[in-house]
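Let's take a friendly walk through one protein chain. Have a look at its sequence and fold, and then read on.

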Amino acid sequence: MGCKTSVLKADPQTIYDKIWSCHLVGTRSDGLDLLYIDRHLLHEVTSPQAFEGLKLAQRQPWRRASNLATVDHAIPTTDRSNGVSGIQDSIAREQVITLDQNCREFQIEYFDLLDARQGIVHVVGPEQGATLPGMTIVCGDSHTSTHGAFGALAHGIGTSEVEHVLATQCLVQQKSKNFMIEISGDLGPGVYAKDLILALIRLIGTAGATGHTIEYTGKAIYDLSIEGRMTVCNMSIEGGARAGLIGIDDKLIEYLEARPFAPKGTLWNEAVDYWFTLNTDDAACYDQHRVLDVSQLSPQVSWGTNPEMVVDIDATIPAPTDFSDANNAEIAERSLSYMGLTPGMAVNEIQLDKVFIGSCTNSRIEDLREASKVVKGRKVASHLKGAYIVPGSGLVKRQAEQEGLDEVFKNAGFEWREPGCSMCLAMNDDRLYPGERCASTSNRNFEGRQGHQGRTHLVSPATAAASAIRGTLTDVRELL
Amino acid sequence: MVSTAFPVFTHHSGIVVPLDRANVDTDQIIPKQFLKSIKRTGFGENLFDSWRYLDEGTIGKSNRLVNREFVLNDPKFKEASILLARRNFGCGSSREHAVWAILQHGIRCVLAPSYADIFYNNSFNNGLLPIVLEESLIDRLFIEAMQPSPMTLEVDLAQQTISSSGGITATFDIDSTRKHRLMTGMDNIALTLEHQALIEEFEITHRLRMPWLFSD
């Protein structure tokens with residue numbers, strides 16, 4: 001119904017407008033819109049209370065086949081030969097068992113701990129083709145924005161909304177504004193999608209896109225691999241946007257074809273034709289527009305305790321007085337103190353304790369390939385207390401092993417782990433201890449994120465790899 | 001008749017605790033180790049855990065080392081039920097546990113210049129009122145709240161007004177449907193299921209238009 005109305009409209013539309021109107025079920029009696037949800041991804045941490053609510057109200061999932069579940073957040077990344085019973089942390093184990101039981105009881109497709117397809121939910125969905133263009137996708141995780149790389153409208157939701165989507169197949173939603181972010185220029189050697197998105201958040205700030213859906217466009221975006229586009233969309237939430245998306249092109253179609261959940265045969269052709277109609281119309285209007293030229297961009301590193309606190313790898317640590325207003329100066333001062341940094345220090349002389357390559361931002365095969373190119377034939381600095389590679393899924397791990405990447409990493413002194421969220425949020429034993437400093441390919445450098453009193457520097461996989469070799473934050477261009 | 005999902009919010013009066021930090025993220029509101037719980041309750045004592053305590057918290061840990069410097073531990077704010085905050089409050093992770101922790105600590109209302117979207121949304125699904133006020137007004141409230149005697153604030157959701165013990169009064173904007181939701185505490189799912197036929201009708205059309213989305 002929403003779609004027909006919008007098709008009649010002469011106004012040019014953005015891809016977001018189109019997906020929105022094609023999923024608008026109607027308006028509730030209280031005036032709020034109901035948006036139909038095509039794909040619901042679930043994991044162990046934000047779903048138990050939702051399933052419990054469903055049971056208490058004696059409700060059933062509206063459409064079981066739209067749901068796909070896996071375990072990722074709280075599970076260990078060490079040996080899994082004993083399955084769930086091998087999880088040492090009894091509270092985490094109970095959470096995993098709860099998801100096992102809920103998926104069985106409600107007949108939801110589930111990649112459990114021992115399934116080869118298990119992994120980080122935002123790696124698994126795309127690699128299975130469970131993420132398709134034009135879909136509405138939700139998950140009880142803020143990094144659901146990742147799936148926007150497929151021209152899908154995807155955003156993170158809270159647990160009450162997880163229950164609501166399970167019960168009604170709809171999300172109660174207000175339409176957001178359109179924000180076009182155009183990335184121009186060519187990325188130089190040693191500079192990647194991660195550097196691009198860190199530079200963008202540095203530009204717009206952590207609340208820069210609040211209330212908006214971002215559409216990333218421009219040559220530099222379409223030049224990225226699909227993995228690179230996922231890295232960009234993944235961190236939309238770090239700029240305040242609940243969703244960030246990219247239009248449909250041939251590269252995307254090629255990536256999706258023949259994936260297990262993707263349509264086949266004539267249905268595939270029909271779908272592809274439809275997907276191309278979703279791209280933003282010429283002359284569509286945006287509420288905001290920003291341009292970032294990345295042709296001169298250096299590798300980026302976060303120095304503070306939120307993801308807008310970012311500098312070039314070849315720069316120095318800023319001083320509170322570098323910030324325009326008193327509020328920001330105070331925030332900077334607090335961050336410097338937490339991070340144990342002094343203004344004026346050269347970024348590339350900062351010594352590290354640990355290096356983490358993984359997370360829903362950077363744990364895909366391309367990330368591991370880029371990191372391995374830097375690592376090959378070299379050794380991890382002897383003073384490091386740990387250097388971890390945590391593949392995003394069992395299939396990424398297998399692919400990497402087939403390419404011999406695991407040997408490259410292990411020979412250099414990295415630990416080669418089982419898939420999961422791991423040290424991105426340190427719900428398991430992979431963590432920093434008080435005062436430890438880490439170069440991490442994850443998405444958040446908040447206080448304590450990687451462990452109580454831990455210090456995080458967000459970087460690309462290549463920068464993380466180079467930093468592991470030197471033992472300090474390192475300009476990867478020196479090692480290429 | 002729709003059942004009540006949470007205690008309704010109409011009018012509230014209480015002591016205001018000022019948390020003078022911008023960009024407070026949900027990792028600070030409730031750290032990750034407490035998210036392993038499969039319950040909806042028990043988060044209040046670990047609200048702002050890394051700031052409230054000097055030792056590292058775990059689920060159920062007692063005899064904590066209290067950080068006396070942290071504002072929530074100031075005896076005069078012990079009974080506080082309103083949180084005064086800075087811009088971009090609740091950014092980061094979507095964890096609804098953050099809202100549960102705030103409510104279970106006894107906070108019914110937050111005042112800030114802006115909120116992150118997911119946190120803002122989660123608040124209304126649990127009966128927490130997040131009031132948005134101009135930064136200049138928030139500044140004035142901070143000055144009053146940090147005086148030696150604590151500030152009490154009256155919040156009237158029906159009238160959309162606040163008034164402080166020190167004489168600051170203001171009106172605030174709130175979306176009428178969200179306001180209604182807090183004032184009635186209606187079960188959101190039941191409300192949507194009133195439109196069950198509409199969803200079913202949509203689904204039939206959607207299936208015809210995009211058959212590749214339906215494997216069932």
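## Two strands side by side

Leu41(A) stands opposite Leu68(A), a residue of β4(A). The strands β3 (residues 39-42) and β4 (residues 67-70) of chain A pair in the parallel sense over 3 bridges. Two strands pair if DSSP finds at least two bridges between them. Strands (E, at least two residues) and helices (H or I, at least four) are DSSP runs, numbered from the N terminus.

## The model

This is a predicted model: local features need pLDDT of at least 70, side-chain atom pairs count only at pLDDT 80 or more, and totals for chains, interfaces and linings use all residues. Residues are numbered from 1 along each chain as its sequence is written, while chains are lettered from A and ligands numbered from 1 in the order in which they are written.

The pLDDT (the predictor's confidence in each residue, from 0 to 100) averages 96 in chain A, and 98% of the residues score at least 70.

## The whole sheet

In chain A, 5 strands form an open sheet with parallel pairing, in the order β5-β4-β3-β6-β7. β5 (109-111) and β7 (153-156) of chain A each have a single partner strand, so one side of each is left without a neighbour in the sheet.

## An enclosed helix

Why is helix α6 of chain A largely enclosed by the rest of the structure? Because 10 of the 10 residues of this helix (residues 159-168) are buried. Buried means that 20 or more other C-beta atoms, placed from the backbone, lie within 10 Å of the residue's own. Among the buried residues are Val162(A) and Leu166(A). After α6(A) comes Gln169(A), with a positive phi near 65 degrees.

Methods: Buried ≥ 20, exposed ≤ 12 C-beta atoms within 10 Å, placed from the backbone.
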